[in-house]
Amino acid sequence: MTESASVTEPVTEPATAPRSERSADVIVVGAGPAGATTAYHLAKSGLDVLLLEKTAFPREKVCGDGLTPRAVKQLVAMGIDISEEAGWLRNKGLRIIGGGSRLQLDWPDLASFPDYGLVRKRDDFDEQLARQAQKAGARLHERCNVGAPIVNELTGHITGVHAKLGDEKTPVTFHAPVVVAADGNSTRLSLAMGLHRREDRPMGVAVRTYFTSPRHDDDYLESWLELWDRRGAQDRLLPGYGWIFGMGDGTSNVGLGILNSSSAFRELDWREILKAWCASMPEDWGYTPENMTGPIRGAALPMAFNRQPHYTKGLLLVGDAGGLVNPFNGEGIAYAMESGAIAAEVIVQAHARATYAQRELALHRYPKVLKDTYGGYYSLGRAFVKLIGNPQVMRIATQRGLTHPLLMRFTLKMLANLTDPTGGDAMDRIINGLSKVAPKA
Ligand SMILES: Cc1cc2nc3c(=O)[nH]c(=O)nc-3n(C[C@H](O)[C@H](O)[C@H](O)COP(=O)(O)OP(=O)(O)OC[C@H]3O[C@@H](n4cnc5c(N)ncnc54)[C@H](O)[C@@H]3O)c2cc1C
């Protein structure tokens, strides 16, 4: 059976499942930023949504907790109160340190995005997003661990999921004609539907911890371009960066992310590299073992569409499940939220179609919109990742680049994907032009 729109109408799949406790128009699996955003926009459009989350909020999520203006825009679109009174710490831009230089760059002035970023710890951040989806009408089940998909034998389409609910782990089933995989990098649901990771896409690893620090209220995100592998006879510059993000609550989030394009990737002990980097910092910043408020934790960064197709057989992939992390800078929250908003818009349109074939046609638009939106830019990102995997290139870039403020302003726009699509400046036009001509793979 093909998954094309010409598939004949299966009698068993109604567009709208009967509304009951265990069925809905759409099931969203995972209530991280991708899932909560998808559920919020679906519910706002009047669809009945089940949002299934295996943990209970608030819960820890390993992250740098840094939000660029792209993510801020998505928070605004969800009606989240991001005022300072509500506990959000704003940042004005990025401070870049490397090659003996230190450059402070403000976020660009754009029509399309605000000129500030934010920080927020993920336990609280993710809960706020999930509660906002709930307020919009999504039915959130916490402690709901989703297992195998329920698949229609005739069409191969997903029509629901098996799950274990509550502390008692009660087996339950949920049904819907459309399911969204928002279950993060490990995405068991996608795997169970036969969607495996593409090995030809870059992958990152990131680790982080928190320290009490006098630098906790820094109003710039700080990024260090020099991370060293000092194991061999000769020190090697690693492709990645370290970050210091003041959390505004007495602590700093300090971590590093490294790309798999370096030959040393598999042999390195990331925690040791983080410890060595922290030990090289001025003592009065407080990034010492005594000031650590939690263990060093790490996770993978799935980049540049590393799982495809983003729609098949009733299942849409959003956020990390679809490998949407930006390969230029390791940012994932904005892309998780944006893909959630795009998926919701596509599903709402599909839901209003009369026949199965028309709904399929509408749902197949999702991967196309994703490719149009990010495909070219991510292809450039893949080339960038390959390039900086060469320590020589990385060395020249950090030593020479930072001495050219104009070049760095361009680099900031490129790395953070912050341009105006129309009516922008010359830098915007170059970046948008390059993204347009690059293959949308
Ligand atoms: C160390 C580190 C630092 C990072 N720093 C930043 C940063 O500063 N800024 C940034 O933008 N990005 C950062 N990222 C990336 C960012 O964390 C991710 O891209 C983002 O969390 C993706 O959101 P998501 O909703 O797709 O997935 P997730 O946030 O992983 O959410 C998935 C959700 O699904 C749930 N789930 C999983 N399996 C099941 C199941 N079987 N049943 C039910 N629920 C399930 C999980 O409990 C979770 O709540 C960082 C990543 C790492 C590892």
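Which residue stands opposite Thr-312 in E21? The residue is Leu-315, and the report below places this pair in its sheet.

## Basis of the report

This is a predicted model, in which local features need pLDDT of at least 70, side-chain atom pairs count only at pLDDT 80 or more, and totals for chains, interfaces and linings use all residues. Residues are numbered from 1 along each chain as its sequence is written, and side-chain values use heavy atoms, with hydrogens and water left out.

Helices (H or I, at least four residues) and strands (E, at least two) are DSSP runs, numbered from the N terminus. Two strands pair if DSSP finds at least two bridges between them. Strands of a sheet pair through backbone hydrogen bonds, either parallel or antiparallel.

E20 and E21 run antiparallel and are joined by 2 bridges. Here Thr-312 faces Leu-315 in E21.

## The sheet of three strands

A second open sheet contains 3 strands, ordered E9-E10-E11, with antiparallel pairing. Strand E9 (144–151) and strand E11 (170–175) are the edge strands, and each pairs on one side only. From one strand to the next, the twist averages 25°; axes are lines fitted to C-alpha atoms, for helices over the stretch in contact, and angles run from 0 to 180 degrees between N-to-C directions.

E9 and strand E10 (residues 158–165) run antiparallel, joined by 6 bridges. Cys-144 stands opposite Leu-165 in E10.

## The nonpolar core

A nonpolar core is a set of buried Ala, Val, Leu, Ile, Met, Phe, Trp, Tyr and Cys residues joined through side-chain atoms within 4.5 Å. Buried means under 20% relative accessible area, exposed over 50%, and partly exposed in between (1.4 Å probe, protein chains only). The largest such core has 93 residues, of which Val-28, Leu-42, Leu-75, Leu-316, Ile-347 and Tyr-366 touch the most other members. Helix H6 (residues 333–351) supplies the largest share of this core, 12 residues.

What does Leu-42 touch, not counting residues up to four places away in sequence? The residues are Val-26, Val-28, Leu-47, Val-49, Ala-344, Ile-347 and Val-348. Contact means heavy atoms within 4.5 Å.

## Aromatic rings

A pair of aromatic rings is described by the distance of the centres and the angle of the planes. Rings of Phe, Tyr and Trp (its six-membered ring) pair if their centres lie within 6.5 Å; planes under 30 degrees apart count as stacked, over 60 as edge-to-face and the rest as tilted. The structure holds 14 aromatic pairs. In one of them, Tyr-335 and Tyr-374 lie 5.5 Å centre to centre with 70° between the planes, an edge-to-face arrangement. This pair links distant parts of the chain, with Tyr-335 in helix H6 and Tyr-374 in helix H8 (residues 365–388), 39 residues apart. Tyr-335 is buried, with a relative accessible area of 0%, and Tyr-374 is buried at 1%.

The ring centres of Tyr-377 and Tyr-378 are 6.2 Å apart and their planes stand at 45°, so this pair is tilted. Both Tyr-377 and Tyr-378 are buried. Ring pairs join Phe-305, Phe-328, Tyr-335, Tyr-374, Tyr-377, Tyr-378 and Phe-384 into a cluster.

## Charges over rings

A charge sits over a ring if NZ of Lys or CZ of Arg is within 6 Å of the ring centre and within 35 degrees of the ring normal. The charged end of Arg-120 lies over the ring of Trp-88, 4.7 Å from its centre. For Arg-215, the charged end sits over the ring of Trp-285, 4.3 Å from its centre.

## Backbone features in loops

The peptide bond from Phe-57 to Pro-58 is cis, with omega near -5°. Pro-58 is in the loop between strand E2 (49–52) and strand E3 (66–67). The bond from Gln-308 to Pro-309 is also cis, with omega near 0°, and Pro-309 is found in the loop between strand E19 (297–302) and strand E20 (311–312).

Thr-187, although not a glycine, has a positive phi of about 20°. Thr-187 lies in the loop between strand E12 (178–181) and helix H4 (188–192). Lys-313, although not a glycine, has a positive phi of about 50°, and its place is in the loop between E20 and strand E21 (315–317). Is each of these residues buried or exposed? Thr-187 is buried, with a relative accessible area of 0%, whereas Lys-313 counts as partly exposed at 29% relative accessibility.
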